[in-house]
Amino acid sequence: MNNSNQRPEASPNKLMELMMLNIFQKHGVTTESVQGNLSEEQKKLILDLLEELKQQTDALVGKATFQKPQSK
């Protein structure tokens, strides 16, 4: 069985984290390479992007849960 039914609130956060890690990895971004190199504006933009992605994944999960047929 699928364990996603046990903690649905964790799924959007894990999905968002996985997406961001993949994007950073794809572009060669590491913690060491950006430490001290990001401006406050860049940090805010990244945080805003993360919040937007979280809202979108929450909406998708809510929509999928709403449309999921009830099983006996």
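Student: What makes K54 count as partly exposed?

Tutor: In this predicted model, K54 has a relative accessibility of 27%. Buried means under 20% and exposed means over 50%, so K54, at 27%, counts as partly exposed.

Student: Why is the pairing of K54 with D58 called a salt bridge?

Tutor: The closest N and O atoms of K54 and D58 are 3.1 Å apart. The cut-off is 4 Å between a side-chain nitrogen of Lys or Arg and a carboxyl oxygen of Asp or Glu, so this pair forms a salt bridge. K54 and D58 are four residues apart in helix α3, and therefore about one helical turn separates them. D58 is partly exposed as well, at 33%.

Student: What makes E40 exposed, whereas K43 is partly exposed?

Tutor: E40 has 59% relative accessibility, and the limit for exposed is over 50%; therefore E40 counts as exposed.

Student: How many salt bridges does the whole structure hold?

Tutor: The search finds three. One of them joins K44 to D48, with the closest N and O atoms 3.0 Å apart.

Student: How do you know that residues 1-6 call for caution?

Tutor: Their pLDDT stays under 50. Where pLDDT is low, the predicted coordinates should not be read in detail.

How values were computed
Residues numbered from 1 in each chain as written. Predicted model: local features only at pLDDT ≥ 70, side-chain atom pairs only at ≥ 80, totals over all residues. Heavy atoms only, no water. pLDDT = per-residue confidence, 0-100. Contact = heavy atoms within 4.5 Å. Buried < 20%, exposed > 50% of the residue type's maximum accessible area, 1.4 Å probe, protein only. Helix = DSSP H or I, 4+ residues; strand = E, 2+ residues; numbered from the N terminus.
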